[in-house]
Structure formats: C-alpha cells, structure tokens
Amino acid sequence: MASTAATATTSAGSSPTTHDGVQQENDADASPLAAPSGPSQEDRRTQHWRASAWAVGCVDPTWEDTKQSAAIRRRQRRNGQVDERSSREKEVAGYLTFASWICAAVGAKRVGNMAVLIGTIEGGGDGNEYEPQLSCVLGPYWPVNMFVVFPFVIGLSVVAVIVGLPKQHPGVIAAWAVLTSCLLLSMVCVSCRDPGMLRRHSEKPDNVEGGQDWIWNDQALTYRPKKAKYDPECACIFEEFDHVCPWTGTAIAKGNMCAFRCFVTLIMATIVFDVILLVSKVA
C-alpha cells in the first residue's frame, strides 16, 4: 500500500515533458475553476516566427496584434514603467502603430513589418509545392511616401500645369508630360513592389546560382546568400539589400533597385524642369 501511494504521489507531482524536453504544467495542478486561456501574445509571436515561410524576424503576426501591443505599451507608460527600447525602435514602432490601423481596416496581410495589399503569403517555404506571389507590398515607412512624397510631386506638377505650361511650345508640354509620368510610375514601382524578400531555407540549398555560399541567420532562422541582409526595420531578409529609404517607404534591394535609380534620377530632373517653367513665367 505504501509503495502504491508513493507511486501515485510521484505521478501526480511530476510534470510531463514535450518531445523537445520542455516541461509542461500537469493538468492535476490546475484549478478546476480556472478559465482556459489561449497562448499569450508573446507565444503567438514566437509561433508565427517559427512557422513562417518567409525569412522574417520575431514580430507581431497581424496588424491587429500591433494595435494591441501599442495599447499595452500605453498602459505600461501610464503605470510608470520605463520603455527600454532605443529611439530608433520607438520611431519604427510609431510608424507601425499608425500603419496598423489602416492596414487592419483594409485587410492587408503581413510579412515581417511589410504590408501585403495584393498577393499570397502562404507556401514557398521548405517542402511546399508552390511559391507565394507578392504583387503589391508596402514598407514600414509607407505613410511618409503616401502623405509627404506623393503629395509633393503631385502638388508641384499641378502648379506647373496651372502656371508654367500654358502657352508653352507643344514639345515642351510633351517632354514635361513624359517626364512626370515616368516619375510617378517609378515611384509606384519602388514603393509597391516586392524588394526581394527571401523565402525561409531551414537547410542550405544544394544547387545555388553562381556557386555563392549561404550562411545561417539567427534573426530569421534561415540560411541566406552572403549578399542578402536582414533589416530590423522591415524585419525581413532581402536579396542584395542596399538600404531602407523612408521617402519611398520601403527597403531598396534586388527587386526594386532599378526602379529606385530611375526614381532618384527622374525626381531631380522633374524638379529642375518644373522650377525652370515657373521661373520663366515669373520672369
């Protein structure tokens, strides 16, 4: 009897383990009156990070989660808790909080800190049969592009049409129309195109183009080419990553580098053209 009781006591007090050795709480120790609770926000973030088909960092899975995270931080500040994030992290979080309200309202999907307006984000990882398609993707700084750069370019163009173009030679009008149209097109291509987000590779690929070496990245739990880099602001790995441009709102990498170079050239040429038109009318 004593041996049986001791065995029962030991069985009731021990905690079962999962296949990876992590202890779990025994159901017998839980209060029968406790309401079942789902995974915490941090657990959901970690689960999404590990399960993603994309080479992304550990961020909120959805834009609704970002709204909840912002609300939690506001409560913590009211309670006197110190925010230990860096000033850069706070700045990025501010843009993401603003973007989360609009992105959640329009049903945008999320890959890292990138908003996917059109496209599929599932599949494309190890062992999947099809590749996801990203047709329209916005970076974390898209509010700057949408509410500062686009209004500036369009506003300057409207002023040029009203003040500078009347009574100009048809060749001048045609040149201005082509230049401005190409500028707007290049802006859309830079800010809305997939910059080159890398799919997750939990194993090093066997046949790689150019024979380049792949190295492991802990932030995104993936192997990556040497030219690919992880960007903490976008929370993604991009192929041939160059930098993040706040004015275009997104990362500049393999997928939009050509459009970015055209944008930089065309915006300078367009501004000079419009200023010349306006000055010639004033003079």
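Helices here are DSSP runs of H or I with at least four residues, strands are runs of E with at least two, and both are numbered from the N terminus. Residues are numbered from 1 along each chain as its sequence is written. Because this is a predicted model, local features need pLDDT of at least 70 and side-chain atom pairs count only at pLDDT 80 or more, while totals for chains, interfaces and linings use all residues; side-chain values use heavy atoms, with hydrogens and water left out.

**The chain as a whole**

- The protein chain has 7 helices and 9 strands.
- Of its 283 residues, 38% count as buried; buried means under 20% relative accessible area, exposed means over 50%, and partly exposed lies in between, with a 1.4 Å probe and protein chains only.
- The accessible surface of the protein chain comes to about 16,500 Å², and carbon and sulfur atoms hold 59% of that (Shrake-Rupley method, 1.4 Å probe; for residues, only the protein chains shown count as cover).
- Of the contacts between residues at least 6 apart in sequence, 59% join residues at least 24 apart, where contact means heavy atoms within 4.5 Å.

**Helix α5 against helix α7**

- Two packed helices are described by the angle between their axes and the distance between the axes.
- Helix α5 (residues 142-164) packs with helix α7 (residues 257-282) at an angle of about 30 degrees, and their axes are 10 Å apart. The axes are lines fitted to C-alpha atoms, for helices over the stretch in contact, and angles run from 0 to 180 degrees between N-to-C directions.
- The crossing of α5 past α7 is left-handed; that is, the near helix is turned anticlockwise from the far one by less than a right angle, whereas clockwise would be right-handed.
- On the α5 side the contact includes V149, F152, V153, L156 and S157, and on the α7 side it includes F263, I267, I271 and D274.
- The residues of the contact of α5 with α7 divide into 12 nonpolar, 2 polar and 2 charged. Ala, Val, Leu, Ile, Met, Phe, Trp, Tyr, Cys and Pro count as nonpolar, Asp, Glu, Lys and Arg as charged, and the others, Gly among them, as polar.

**Helix α2 against helix α3**

- Helix α2 (residues 41-51) and helix α3 (residues 63-78) pack at about 145 degrees, with axes 12 Å apart.
- Their crossing is left-handed.
- Q41, R44 and R45 in α2 meet D65, Q68, S69 and I72 in α3.
- This contact of α2 with α3 divides into 1 nonpolar, 3 polar and 3 charged residues.

**Nonpolar cores**

- In soluble globular proteins, nonpolar side chains tend to be buried together.
- A nonpolar core is a set of buried Ala, Val, Leu, Ile, Met, Phe, Trp, Tyr and Cys residues joined through side-chain atoms within 4.5 Å.
- The largest such core has 26 residues, and W54, V111, M197 and F238 touch the most other members.
- The elements giving two or more residues to this core are α4 (87-106), β2 (114-119), β3 (134-138) and β7 (236-238), and α4 gives the most, with 4 residues.
- A second, separate core of 15 residues includes V149, A259, F263 and L266.

- F260 counts as buried because its relative accessibility is 14%. F260 touches V190, H243, C245, T248 and I252, not counting residues up to four places away in sequence. F260 and V190 are 70 residues apart in sequence, yet 5.6 Å apart in space, C-alpha to C-alpha.
- T180 sits in helix α6 (residues 170-192) and is buried, at 6% relative accessibility. Beyond its neighbours within four places in sequence, T180 is in contact with S157 and T270.
- T97 lies in helix α4 and is buried, with a relative accessible area of 15%. Leaving aside neighbours within four places in sequence, T97 is in contact with T66, A70 and R73. The C-alpha atoms of T97 and W63, 34 residues apart along the chain, are separated by 8.4 Å.

**Positive phi in loops**

- Most residues other than glycine have a negative phi.
- K167, in the loop between α5 and α6, has a positive phi near 65 degrees. K167 is exposed, with a relative accessible area of 85%.
- L221, in the loop between β4 (214-217) and β5 (222-225), has a positive phi of about 55 degrees although it is not a glycine. L221 counts as buried, at 19% relative accessibility.
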